[in-house]
Amino acid sequence: MTFETKVNKFKYLNLRIISTEHGVSYDQTEHIEHKIIKKYFPDWKVADSGLKAVHTPFRTDSQYEIDLLEQLPLQGKDLKEAEKKYGGSFASILGDVMHVWVWSRLDIGYATTRLSQYTHAPNAAAFAGLYRILRYLATHPHRPIFYPRRPVTDVHELRFEPLPIYCDSQPAIDSINANTVTTRVKHVAIPIMYMHEHVKDGTISLHKINTKLNLADSGTKPNSAPVHFEHFDQAIGVRFYPPANSEHHNLLNLDTFK
């Protein structure tokens with residue numbers, strides 16, 4: 001398959017891939033609409049649905065963490081009622097969510113991996129959390145990933161010797177640079193020594209970065225909606241999206257992007 005024509009459109013499994021002079025994009029919007037929204041929310045309309053739209057895939061309040069930790073696993077009648085309420089077993093719903101995450105939706109990665117720990121013994125909070133991911137996908141089904149063809153000129157010159165690694169924790173950087181293992185970090189003593197050896201050899205260098213600019217932050221913990229979208233908009237290439245008057249823009253229907 002070649003990309004010699006101006007616009008190339010094709011599907012691979014359930015991915016829609018578009019290649020133009022502006023770049024290459026892929027998304028699973030159609031799959032999400034048919035296999036997630038229609039399956040779990042046949043009457044879903046964000047504007048007038050009885051189900052409230054959600055803008056983060058994982059709750060950020062401390063009470064939810066307590067519920068996940070303290071609630072007992074559902075069994076017998078309670079488990080069957082939960083499966084009936086949410087439209088399937090915990091494992092089957094998780095499978096639908098995980099498929100989307102692995103292929104195209106980085107933004108549900110943290111929530112999916114956290115809740116996958118409850119696959120064999122889900123409690124009520126885990127079921128509710130998994131259902132929240134479905135509601136999040138129904139609220140934000142269209143988030144294509146885009147790789148630009150044009151040169152990226154608004155970033156610094158790329159240098160890979162030493163390889164820069166950015167971290168938002170200055171104490172962590174200090175521990176690695178000094179190869180210092182205190183009682184607070186003794187559980188990661190081996191990684192600290194490993195990283196220190198690479199810093200010493202000049203293969204990597206550590207740099208402090210503001211948490212707001214640390215894209216990995218939303219992949220390791222739940223964040224508020226503004227931070228969540230700021231990080232993942234950067235990760236999927238939103239700032240490089242094709243111009244509004246381009247055919248690629250129209251094919252992606254980016255006027256509905258949210």
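Trainee: What makes the span of α1 close to the expected one?

Mentor: Helix α1 has 12 residues and reaches 15 Å from its first C-alpha to its last, which is close to the 16 Å expected at 1.5 Å a residue, because the expected span of a helix is 1.5 Å times one less than its number of residues. Helices here are DSSP runs of H or I with at least four residues, and strands are runs of E with at least two, numbered from the N terminus. This is a predicted model, in which local features need pLDDT of at least 70 and side-chain atom pairs count only at pLDDT 80 or more, while totals for chains, interfaces and linings use all residues. Residues are numbered from 1 along each chain as its sequence is written, and side-chain values use heavy atoms, with hydrogens and water left out.

Trainee: Why is His31 called buried?

Mentor: His31, which lies in helix α1 (residues 29-40), has a relative accessible area of 15%; buried means under 20%, exposed over 50% and partly exposed in between, with a 1.4 Å probe and protein chains only, so His31 counts as buried.

Trainee: How do you know that the buried residues of α1 are on the same side?

Mentor: The buried residues of α1 are Thr29, His31, Ile32, Ile36, Ile37 and Tyr40. They cover an arc of only 155° around the axis, taken from the directions from the helix axis to the C-beta atoms, and therefore they lie on the same side of α1. The face turned away from that buried side carries the exposed residues Lys35 and Lys38.

Trainee: Which residues does His31 touch, not counting those up to four places away in sequence?

Mentor: His31 touches Asn14, Ile36, His99 and Val100, where contact means heavy atoms within 4.5 Å.

Trainee: What makes a space a cavity rather than a pocket?

Mentor: On a 1 Å grid over the protein atoms alone, a cavity is a set of points where a 1.4 Å probe fits but cannot get out, whereas a pocket is an open set with protein on both sides within 12 Å along at least five of seven lines; lining residues have an atom within 4 Å of a point. A search of the whole structure finds 1 cavity of 30 Å³ or more, and about 90 Å³ of space lies in the largest cavity. The largest cavity is lined by 14 residues, of which Pro57, Ser218, Lys221, Pro222 and His228 lie nearest its centre.

Conventions: Points joined across faces, edges and corners; volume = space filled by probe spheres on them.
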